[in-house]
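Please keep the sequence and the structure open beside the text while reading.

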Amino acid sequence: MYDALIGPFTEFEFMRRALAAVIALSLAGAPIGVFLMLRRMSLVGDAMAHAILPGAAIGFLLSGLNLFAMTAGGLIAGFAVAILAGVVARSTGLKEDASLATFYLASLALGVTIVSIKGTNIDLLHVLFGNILAMDDQTLLVVAFNATVTLLVLAVIYRPLVIESVDPLFLRTVSRAGGPAHLAFLALVVINLVNGFQALGTLLAVGLMIMPAGIARFWSRDLTAMISIAVIAAGVSGYAGLVLSFQTRIPSGPAIILVATAFYVVSVLFGSVGGLVRQMFPGRHLEA
């Protein structure tokens with residue numbers, strides 16, 4: 001049991017780096033995912049994950065698999081799309097999902113085309129699916145720095161973000177903090193997608209943000225509890241996925257998301273808040 005569950009992390013440095021990256025992604029990405037779910041922006045996060053691909057691909061075209069070039073390109077492309085979508089949504093009343101819809105397939109196609117111009121199929125797979133087991137110290141430091149920035153900014157905008165998620169009209173009545181908080185939140189989404197891109201690739205980057213939030217939704221209605229459950233679910237999924245990947249031939253990124261999917265199915269069935277079994281066999285609310 002020790003050799004299967006703990007041995008890989010004590011024996012191999014690349015496994016320890018991957019686990020540290022998973023913890024950082026869980027601490028920062030899971031709370032963002034909870035707010036995306038509450039604001040009904042889950043698919044917006046997925047669309048923005050594809051929106052960062054052209055910028056990262058341009059960085060790859062100019063510098064190859066260079067960490068800082070691809071990160072900078074992804075951040076620039078993501079921020080540009082997020083700001084544009086936010087401004088359009090606020091100015092016209094158009095929802096973010098509608099304003100981002102055109103970027104989904106177009107960005108993915110453009111990014112794949114750019115990578116294919118210079119790279120090989122292996123480079124393309126690295127960009128699309130990532131490789132958390134190949135993470136070096138530089139990449140880990142970038143992931144940890146972005147996670148720290150996310151937590152600090154989230155602490156500053158937490159109150160207006162919560163109020164806007166529940167009653168945006170009330171927040172507009174009593175404060176002007178809604179607009180800046182919303183744009184700051186979109187920036188945090190981009191930062192965490194770039195974080196996820198480094199570890200899981202552009203196709204799975206949103207996985208550790210959205211799926212743990214969905215799991216938490218079936219276990220609590222309290223926001224603080226939902227965030228805590230989402231962070232724990234993301235961390236456990238990441239750890240179990242790394243172990244599964246090490247013991248089998250399943251790539252690390254898909255293994256992590258598959259474990260999270262298994263937890264989600266269990267939550268759908270047995271969750272205490274809206275789970276199917278709970279609905280079929282409700283407890284007695286009133287007793288004599």
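Asp137 counts as partly exposed, because its relative accessibility is 45%, a value that falls between the 20% limit for buried and the 50% limit for exposed residues. The model in which this residue sits is a predicted one, and the values given below are to be read as computed from that model.

**Salt bridges**

Asp137 forms a salt bridge with Arg17, and the closest N and O atoms of the two are 3.7 Å apart. This pair links distant parts of the chain, since Asp137 belongs to helix α9 (residues 137-166) and Arg17 to helix α3, 120 residues apart. Arg17 also takes part in a salt bridge with Glu13, for which the closest N and O atoms lie 3.1 Å apart. Here both partners, Glu13 and Arg17, are found in helix α3, 4 residues apart, which is about one turn of the helix. Taken together, Glu13, Arg17 and Asp137 are linked in a network of salt bridges.

The search of the whole structure finds 3 salt bridges, and one of them joins the side chains of Glu164 and Arg39, at 3.0 Å from N to O. Glu164 lies in helix α9 and Arg39 in the loop between α3 and α4 (42-51), so this pair ties together parts that are 125 residues apart in sequence. Glu164 counts as buried at 8% relative accessibility, and Arg39 is buried as well, with a relative accessible area of 14%.

| Salt bridge | N to O separation |
|---|---|
| Glu13 and Arg17 | 3.1 Å |
| Asp137 and Arg17 | 3.7 Å |
| Glu164 and Arg39 | 3.0 Å |

**Enclosed space**

How many cavities of 30 Å³ or more does a search of the whole structure find? The search finds 1 such cavity, and about 50 Å³ of space lies in the largest cavity. Its lining is made up of Leu25, Gly29, Asn192, Gly196, Ala205, Leu208 and Met209. At least two residues of this lining come from each of α3 (13-38), α11 (178-204) and α12 (207-217). Sorted by class, the lining has 4 nonpolar and 3 polar residues, while no charged residues are present in it.

The C-alpha atoms of Ala213 and Met226 are separated by 7.3 Å, although the two residues are 13 residues apart along the chain. Trp219 has its place in the loop between α12 and α13 (223-247), and, with a relative accessibility of 35%, Trp219 counts as partly exposed.

**Nonpolar surface**

Trp219 is also a member of a nonpolar patch on the surface, which it forms with Tyr264, Val265, Val266, Leu269, Phe270, Leu276, Met280 and Phe281, and these residues together have about 870 Å² of accessible area. Helices α14 (252-270) and α15 (276-280) each supply at least two residues of the patch, and the largest share, 5 residues, comes from α14.

Terms used:
Residues numbered from 1 in each chain as written. Predicted model: local features only at pLDDT ≥ 70, side-chain atom pairs only at ≥ 80, totals over all residues. Heavy atoms only, no water. 1 Å grid on protein atoms, 1.4 Å probe; cavity = no way out; pocket = protein on both sides within 12 Å on 5 of 7 lines; lining within 4 Å. Points joined across faces, edges and corners; volume = space filled by probe spheres on them. Nonpolar A, V, L, I, M, F, W, Y, C, P; charged D, E, K, R; others polar. Patch = residues over 30% accessible without salt bridge, like charges linked within 9 Å, V, L, I, M, F, W, Y side chains within 5 Å. Areas by Shrake-Rupley, 256 points an atom, 1.4 Å probe, with all protein chains shown as cover. Salt bridge = Lys/Arg side-chain N within 4 Å of Asp/Glu carboxyl O. Buried < 20%, exposed > 50% of the residue type's maximum accessible area, 1.4 Å probe, protein only.
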